[in-house]
Amino acid sequence: MVTLTIDNRPVTVPEGTTILEAARSARLDIPTLCYLKDINEIGACRICTVEVEGQPRLVPACDNVVSQGMVVHTNSPRVREARRVNLRLLLSQHDTKCTKCTRSGNCKLQQLTNDYNLLGNHYIKDLRPVEQDFSTPVVRFENRCVRCMRCIQVCDKIQGMHIWDLMGTGTRTTIGVSGARTLADSDCTFCGQCMTHCPVGGLQERDDTGRVLEALADPEITTVVQVAPAVRVAWAESWGLGAKYATAGRIVSALKHMGFDYVFDTNFTADLTIMEEGSEFVQRFTHRGKYRWPMFTSCCPGWVSFLKSQYPSYADCLSTPKSPQQMFGAVAKSYFAEKMGIDPHKMFVVSIMPCSAKKAESERPEMNDACGDPDVDVVLTTREMCRLFRSDCIRPSSLKSEEFD
């Protein structure tokens with residue numbers, strides 16, 4: 001164990017502990033931007049700099065370990081000014097039009113800028129004229145990136161896909177797709193982990209809410225929406241809802257209020273998928289000589305894409321039934337459309353899913369087999385659904401629960 005002093009408070013921690021973790025163990029807060037425990041501890045942003053007595057320079061707390069007798073100041077005048085300078089430098093290459101960023105109100109850089117009272121303009125803007133590519137479910141905004149490298153580290157160390165990499169040098173340093181490829185040409189599974197771990201709005205899911213609003217406004221279009229089970233929990237965070245109000249019935253009520261003609265539960269086609277997978281397993285098991293083993297099954301298109309791109313020799317082991325999302329789209333535009341007397345070409349099927357990989361799945365050409373059009377026309381994430389509700393001035397807590405169709 002090592003004993004040191006942080007802000008005049010004695011702290012004892014195991015040897016090898018970083019200054020940042022030592023401070024947190026004593027409930028002393030040191031601000032961070034790029035830090036992710038055990039994933040990104042590289043001191044890239046320098047927001048966590050602290051003053052150590054006896055050392056001529058400030059040091060980043062996230063990648064410097066403690067020593068016996070060390071005296072640390074986490075918020076001295078010198079430290080505060082250094083953080084303000086670092087933030088100003090980041091803001092000089094950052095598009096600060098926060099009102100058009102989906103992370104506004106939930107952005108680490110925005111929070112730090114407010115905390116350190118950095119109002120007005122500081123350094124000359126150095127933004128780059130880069131066009132955004134909206135052809136894939138994941139969209140990167142060059143002028144929002146803070147080069148924290150969280151996306152690189154998560155993709156490398158956790159997902160193992162190595163999609164993102166550093167490009168350029170000096171002030172031209174940026175993040176791009178490795179191998180000088182486009183995201184569409186890469187092996188990206190569109191799992192969304194890079195977006196989840198981006199502290200700003202540098203990476204976000206493509207917003208498809210406009211297409212949904214157009215369909216809802218067209219009187220000749222029958223709008224059908226399915227809601228995945230995970231959404232029923234995740235949406236509560238956006239609204240700060242407790243268990244009493246964060247019910248599936250209130251999601252149904254809100255979607256009906258927006259104008260959807262039919263609201264269905266994805267659990268129905270999850271049961272269909274399970275039955276198809278069960279039948280396929282029996283077929284494979286009773287004719288074992290004709291098939292490769294083991295049999296893999298997953299309703300996650302990100303995992304399926306991972307297997308096909310990284311372990312193609314196991315592709316024959318994949319179960320062949322569609323995921324519940326695509327199963328629903330196919331059933332809606334065939335059996336349901338025929339039952340209700342609806343022209344499937346005038347039916348607009350929306351999925352509300354917890355993951356951007358579902359957007360990629362719905363756009364695959366083999367998913368256009370129910371009537372020739374895409375089985376699922378648009379996939380919205382939980383965040384997009386919540387933005388739709390807010391744009392329609394819907395307050396979920398004031399709604400009454402309704403049943404799925």
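**Helix pairs and a parallel sheet**

Okay, so the crossing of α2 and α3 is left-handed, meaning that the near helix is turned anticlockwise from the far one by less than a right angle; clockwise would be right-handed. Before I go on: this is a predicted model, where local features need pLDDT of at least 70 and side-chain atom pairs count only at pLDDT 80 or more, while totals for chains, interfaces and linings use all residues. Numbering starts from 1 along each chain as its sequence is written, and side-chain values use heavy atoms, with hydrogens and water left out.

The helix and strand names are DSSP runs numbered from the N terminus: H or I of at least four residues for helices, E of at least two for strands.

Back to that pair. Helix α2 is residues 77-92, helix α3 is residues 108-115, and they pack at about 135° with their axes 11 Å apart. Axes here are lines fitted to C-alpha atoms, for helices over the stretch in contact, and angles run from 0 to 180 degrees between N-to-C directions. That angle makes α2 oblique to α3; under 35 degrees counts as roughly parallel, over 145 as roughly antiparallel, 65 to 115 as roughly perpendicular, and the rest as oblique. Who makes the contact, meaning heavy atoms within 4.5 Å? From α2 we have Leu87, Leu90 and Leu91, and from α3 Leu109, Leu112 and Thr113. By class that's five nonpolar, one polar and no charged. For the classes, Ala, Val, Leu, Ile, Met, Phe, Trp, Tyr, Cys and Pro are nonpolar, Asp, Glu, Lys and Arg are charged, and the others, Gly among them, are polar.

Next pair: α9 (residues 267-286) and α11 (residues 324-340). Their axes come within 8 Å and cross at roughly 105°, so α9 and α11 are roughly perpendicular to each other. On the α9 side the contact uses Thr269, Ala270, Leu272, Thr273 and Glu276, and on the α11 side Pro324, Met327, Phe328 and Val331. Those split into six nonpolar, two polar and one charged.

Now the sheet. It's open, with four strands in the order β11-β10-β12-β13 and parallel pairing; strands pair if DSSP finds at least two bridges between them. At the edges sit β11 (262-265) and β13 (378-381), each pairing on one side only. Strand to strand, the twist averages 25°. Helix α13, residues 382-391, packs on the sheet and touches β12 (347-353) and β13, with its direction at about 85° to that of β13.

Let's look at β10, residues 222-227. Four bridges join β10 to β11, with Val225 partnered by Val263. Towards β12 there are six bridges, also parallel, and Gln226 stands opposite Ser351 there.

How many residues of β10 are buried? Six of the six are, so β10 is largely enclosed by the rest of the structure. Buried is under 20% relative accessible area, exposed is over 50%, and partly exposed is in between, using a 1.4 Å probe and protein chains only. Both faces are covered: Thr222, Val224 and Gln226 on one side, Thr223, Val225 and Val227 on the other.

Last stop, Pro219, in the loop between α6 (209-217) and β10. Pro219 is exposed, with a relative accessible area of 80%.

Note on methods
Contact = heavy atoms within 4.5 Å.
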